[in-house]
Amino acid sequence: MEIKIFVLHGKTRYKGYTGLEANNDERDDYPNDAFISYCEQDGRFVRGDLLDNLEGRSGLTLCLHERDFIPGQDISENITKAIHQSWKTVVIVSNNYLKSYWCMHEFEMARMDSMHSRGGKSVLLLVFYEDIAAKDLPLTLMDLIESKSYIEYPHDE
């Protein structure tokens, strides 16, 4: 598992993408390296492999809804704050994610942030956690897939 994460980090650097650990003046404006947008059914993967590798081994600062959202605050406010305070939004795409209203809301908010608040700079990093047929993907997600790279976990060698 660690090797796959290492390979994926190298792959993104090789292709010229700005990694989560970017260290420049622009990055310094964000307290979190990434907001992780995921469906609770995929939480075991996020709380295990993802957190171990990105927070534990790489020292990145992540924002997770179950841990970092403020109780009692409107969920839309929590989502917006998480996106605005994070350098990237990592979307763990699964069938359950696509069926979840709140997950798709997080995706749309991050997509809008990318287009409007960040001047078109890529904020979204898509990680496909399951094989999903193209016909089952929303058009906004298909548009990103066609114009940006993504990771197929764990199949992306």
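Guide: What follows is a guided reading of this predicted model.

Visitor: Where is helix α2 kinked?

Guide: A kink is located by the residue on which it is centred, and in α2, which spans residues 43-57, the kink of about 55° is centred on Leu-51. Leu-51 is among the buried residues of this helix, which also include Phe-45, Val-46 and Leu-54. Just after α2, Gly-59 takes a positive phi of about 75°.

Visitor: Which side chain meets Glu-55 in a salt bridge?

Guide: The question is one of distance between nitrogen and oxygen, and here the partner is Arg-67, at 2.8 Å from N to O. This pair links distant parts of the chain, since Arg-67 belongs to helix α3 (residues 65-68) and Glu-55 to helix α2, twelve residues apart. Arg-67 counts as partly exposed because its relative accessibility is 40%, and Glu-55 is likewise partly exposed, at 24%.

Visitor: How far apart in helix α6 are Arg-111 and Glu-108?

Guide: They are three residues apart, so about one helical turn separates them, and their salt bridge has its closest N and O atoms 2.9 Å apart. Arg-111 is buried because its relative accessible area of 16% falls under the 20% cut-off, whereas Glu-108, at 23%, is partly exposed.

Visitor: What is the volume of the second largest pocket?

Guide: Its volume is about 190 Å³. Of the 13 residues lining this pocket, Arg-111 is one of those closest to its centre, together with Ser-114, Met-115, Leu-144 and Lys-148. Helix α6, strand β4 (124-128) and helix α7 (139-147) each supply at least two residues of the lining.

Methods. Residues numbered from 1 in each chain as written. Predicted model: local features only at pLDDT ≥ 70, side-chain atom pairs only at ≥ 80, totals over all residues. Heavy atoms only, no water. Bend = angle between axes of the 7 residues up to and from the residue. Helix = DSSP H or I, 4+ residues; strand = E, 2+ residues; numbered from the N terminus. Buried < 20%, exposed > 50% of the residue type's maximum accessible area, 1.4 Å probe, protein only. 1 Å grid on protein atoms, 1.4 Å probe; cavity = no way out; pocket = protein on both sides within 12 Å on 5 of 7 lines; lining within 4 Å. Points joined across faces, edges and corners; volume = space filled by probe spheres on them. Salt bridge = Lys/Arg side-chain N within 4 Å of Asp/Glu carboxyl O.
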